Amino acid sequence: MTLSTAVRSPSSSLRAPDLAAYTMQVRGLTQALAEPLSPEDCGAQSMPDASPVKWHLAHTTWFFETFLLRRYVRDYREFDPQFGLLFNSYYESLGARHPRPARGLLTRPSLSEVLAYRAQVDTALGEWLSGGLDDDARALLELGLHHERQHQELLLTDVKHLLFQNPLQPAYRTDLKTPQNRPLQPMRFHEVAEGLIEIGHAGAGFSFDNETPRHTQLLQAHRIADRPVSNAEYREFIRDDGYRRADFWLSDGWAQVQSRGWQQPLYWHDDLQASFSLGGTQALIDSAPVSHISFYEADAYARWAGARLPTEVEWEASANDLPVSGNFVDEDFLQPTAHAQTQDIPRLHQFFGDVWEWTGSAYLPYPGFRAAAGAVGEYNGKFMSNQMVLRGGSCVSHADHLRASYRNFFYPDARWQFSGIRLAQDVS
Ligand SMILES: [Fe+2]
């Protein structure tokens, strides 16, 4: 398999002469997201799973420098040859690196040096993109841009977790849009017939390698909910002793409840009426999708509700026909919002945006999947154990980064992402 077939579909969605402008637009958003923050904000790390903003700014730059500029630009001189040790994330084949849990201890280079690093790499990228690209180069550029989109989302979720550690719970921004609490219709389930379907990516446009090969799956007859579970609905689970009754929980999940003292979603206040957002503490919006819950909590809620989580095949079967529209980062809420529902038109809502939806599917290779040779092959494939698939994107995702076949994955105890619940049921 060539490099290009491993990281992209046969025809790239990126076309010259827009490449340079689009690349700078994507790169520029990362820096715009960091602008409301102080240098002190940008250097701190709240937990091993999260990274400092300064590290995100540098690592995404290192990615372009390492996978593109060093490979394609003759006589390219790295900004600092030692940066690989600091800003390589997990690429074993690219050498030693600083441990992830200690990224917050990297007081050098300074934020201003990292911004100078970004500027040099952006200048070099712009010059390089003014020439022609072959297929492999175009595929790697597109991978780098989607990688940057992933880190834009992580930057925001990591900042939220960081600011939450401060007892004053400061806002990331005080000028964000505030969602309305809309009346919500009772959840409805749409029945889907048994059949053979194809899932996975094929055709034009970008995909990550883990979305391929496209293949046939047997879809069992099932019902899938028309919208995600709301905050108000999740509150009822808590009030019904959902966190105190072991019979709702998987054994590993119950162990997490006990050892970590979970009693409510991350960021909820003890009164179950308020939560921390990127705009600071605010009243919980009852009709908005519940978020910041682990797979274990999603699974326990589903069992309490007499349902289950959809498989990723079921999720993709329903999402395939839906437009990629919804509440994404450019809406500027930076939190889940309630969809305006009508009583008469049964439709599927909010598959994209608002919250990543936990599925009941383990993150495994599709039949025939092969990771590419070399460092780029480490991007997705080596993480295919002990994690669960999430689908659909969130309120801090960018729309141009999402599609029905996109497979996100996190460990089942992860709570700091905007992760929520869509229910499904068997048809017996
Ligand atoms: Fe990365």
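**Exercise 1. State the sequence spacing of the donor residues of the iron ion, then locate the donors in the fold.**

Step 1. The donor residues follow the pattern H-x87-H-x3-H. The model is predicted: local features need pLDDT of at least 70, side-chain atom pairs count only at pLDDT 80 or more, and totals for chains, interfaces and linings use all residues. Residues are numbered from 1 along each chain as its sequence is written, and side-chain values use heavy atoms, with hydrogens and water left out.

Step 2. The protein donors are H59 (NE2), H147 (NE2) and H151 (NE2), lying 2.2 Å from the iron ion. Donors are N, O and S atoms within 2.8 Å of the metal (3.2 Å for Na, K and Ca); water is not among the atoms, so sites may look incomplete.

Step 3. H59 sits in helix α4 (residues 53-72) and H151 in helix α7 (residues 135-164), 92 residues apart, and the pair links distant parts of the chain. Helices (H or I, at least four residues) and strands (E, at least two) are DSSP runs, numbered from the N terminus.

Step 4. H59 has a relative accessible area of 1% and is buried; H151, at 9%, counts as buried too. Buried means under 20% relative accessible area, exposed over 50%, and partly exposed in between (1.4 Å probe, protein chains only).

**Exercise 2. Describe how α4 and α7 pack.**

Step 1. Two packed helices are described by the angle between their axes and the distance between the axes.

Step 2. For α4 and α7 the angle is about 175° and the axes are 9 Å apart. Axes are lines fitted to C-alpha atoms, for helices over the stretch in contact, and angles run from 0 to 180 degrees between N-to-C directions.

Step 3. The two helices are therefore roughly antiparallel to each other. Angles under 35 degrees count as roughly parallel, over 145 as roughly antiparallel, 65 to 115 as roughly perpendicular, and the rest as oblique.

Step 4. By class, the contact of α4 with α7 has 15 nonpolar, six polar and four charged residues.

**Exercise 3. Characterise the largest pocket.**

Step 1. The largest pocket holds about 1,100 Å³ of space.

Step 2. Its lining has 47 residues, with D49, R100, L154, F410 and W416 nearest the centre.

Step 3. α4, α7 and β9 (408-410) each supply at least two lining residues; α7 gives the most, with eight residues.

Step 4. By class, the lining of the largest pocket has 19 nonpolar, 18 polar and 10 charged residues.

**Exercise 4. Locate the cis peptide bonds R108 to P109 and T212 to P213.**

Step 1. The bond from R108 to P109 is cis, with omega near 0°, and P109 is in the loop between α5 (83-87) and α6 (111-129).

Step 2. The bond joining T212 and P213 is cis, with omega about -5°; P213 is in the loop between β2 (195-199) and β3 (215-219).

Definitions and conventions: Nonpolar A, V, L, I, M, F, W, Y, C, P; charged D, E, K, R; others polar. 1 Å grid on protein atoms, 1.4 Å probe; cavity = no way out; pocket = protein on both sides within 12 Å on 5 of 7 lines; lining within 4 Å. Points joined across faces, edges and corners; volume = space filled by probe spheres on them.
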